[in-house]
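This report describes the fold and selected residues of the structure shown below. Attention is given to pairing, packing and side-chain contacts.

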Amino acid sequence: MYDWTWVAIRPLREAGKGYWLLVRRSITQPEELAYYVCYGPGETILEELVKVAGIRWAIEECFEEAKGLVGLDQYEVRKWEGWYRHVTLAMLAHAYWQ
């Protein structure tokens, strides 16, 4: 469980856009803080930013799993095209693995 807060940053921002510093604090260890710089529609609410920040963990776990199971991190390429092909095939293999 965490406490969340946000602060608007960039007072001279684009119309309809918002920039925030989102801060997460552990309830059990209040000195433990995590920061996120966020950008999105100006009418975004705190609950939406927290939800998006929470999705990050699922994505990180997916990449870690793909590194171990299908060799996502096992590429040595010199060009973007080769890297793109490797990552695409590794993620496709990971999707079928599931």
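## Strand pairing

Val7 stands opposite Leu21, a residue of strand 2. In this predicted model, strand 1 and strand 2 (residues 17-26) run antiparallel and are joined by seven bridges. Strand 2 is also joined to strand 3, again in antiparallel fashion, through nine bridges. One of the pairs places Lys17 against its bridge partner Pro41 in strand 3. Six residues lie between strand 2 and strand 3, and the two strands form a hairpin.

Together the three strands make an open sheet with the order 1-2-3 and antiparallel pairing. Strand 1 (2-8) and strand 3 (33-41) each have a single partner strand, so each stands at an edge with one side left without a neighbour in the sheet. From one strand to the next, the twist averages 25 degrees. In general, the strands of a sheet pair through backbone hydrogen bonds, in either a parallel or an antiparallel manner.

## The nonpolar core

The largest nonpolar core comprises seven residues: Trp20, Leu22, Ala34, Tyr36, Cys38, Leu49 and Ala53. Strand 2, strand 3 and helix 1 (46-70) are the elements that give two or more residues to this core. Strand 3 gives the most, with three residues.

Leaving aside residues up to four places away in sequence, Tyr36 touches Trp4, Trp20, Leu21, Leu22, Arg24, Ala53, Arg56 and Trp57.

## Arg24 in the sheet

Arg24 belongs to strand 2. Its relative accessibility is 11%, and because residues under 20% count as buried, Arg24 is classed as buried. The side chain of Arg24 forms a polar contact of 3.3 Å with the side chain of Tyr36.

Beyond four places in sequence, the residues touched by Arg24 are Tyr2, Asp3, Trp4, Glu32, Leu33, Ala34, Tyr36 and Trp57. Arg24 and Met1 are 23 residues apart along the chain, with 9.8 Å between their C-alpha atoms.

## Helix 1

Helix 1 has 25 residues, which at 1.5 Å a residue should span 36 Å; the end C-alpha atoms are 36 Å apart, in agreement with that expectation. Leu49, Ala53 and Ala66 are buried in this helix. The buried residues of helix 1 pack against strand 1, strand 2, strand 3 and helix 2. Gly71 follows helix 1 and has a positive phi, near 75 degrees.

## Two residues of helix 2

His94 is found in helix 2 (residues 80-97). With a relative accessible area of 5%, His94 is buried. The side chains of His94 and Glu65 are joined by a polar contact of 2.8 Å. Not counting residues up to four places away in sequence, His94 touches Cys62, Glu65, Ala66, Leu69 and Val70.

Arg85 also lies in helix 2. Its relative accessible area is 52%; because values over 50% count as exposed, Arg85 falls in that class. Between the C-alpha atoms of Arg85 and Glu65, which are 20 residues apart along the chain, the separation is 19 Å.

Methods
Residues are numbered from 1 along each chain as its sequence is written. This is a predicted model: local features need pLDDT of at least 70, side-chain atom pairs count only at pLDDT 80 or more; totals for chains, interfaces and linings use all residues. Side-chain values use heavy atoms; hydrogens and water are left out. Two strands pair if DSSP finds at least two bridges between them. Helices (H or I, at least four residues) and strands (E, at least two) are DSSP runs, numbered from the N terminus. Axes are lines fitted to C-alpha atoms, for helices over the stretch in contact, and angles run from 0 to 180 degrees between N-to-C directions. A nonpolar core is a set of buried Ala, Val, Leu, Ile, Met, Phe, Trp, Tyr and Cys residues joined through side-chain atoms within 4.5 Å. Buried means under 20% relative accessible area, exposed over 50%, partly exposed in between (1.4 Å probe, protein chains only). Contact means heavy atoms within 4.5 Å. A polar contact is a pair of N or O atoms within 3.5 Å; within protein, one must be able to donate a hydrogen and the other to accept it, and residues adjacent in sequence count only if both atoms are side-chain atoms. The expected span of a helix is 1.5 Å times one less than its number of residues.
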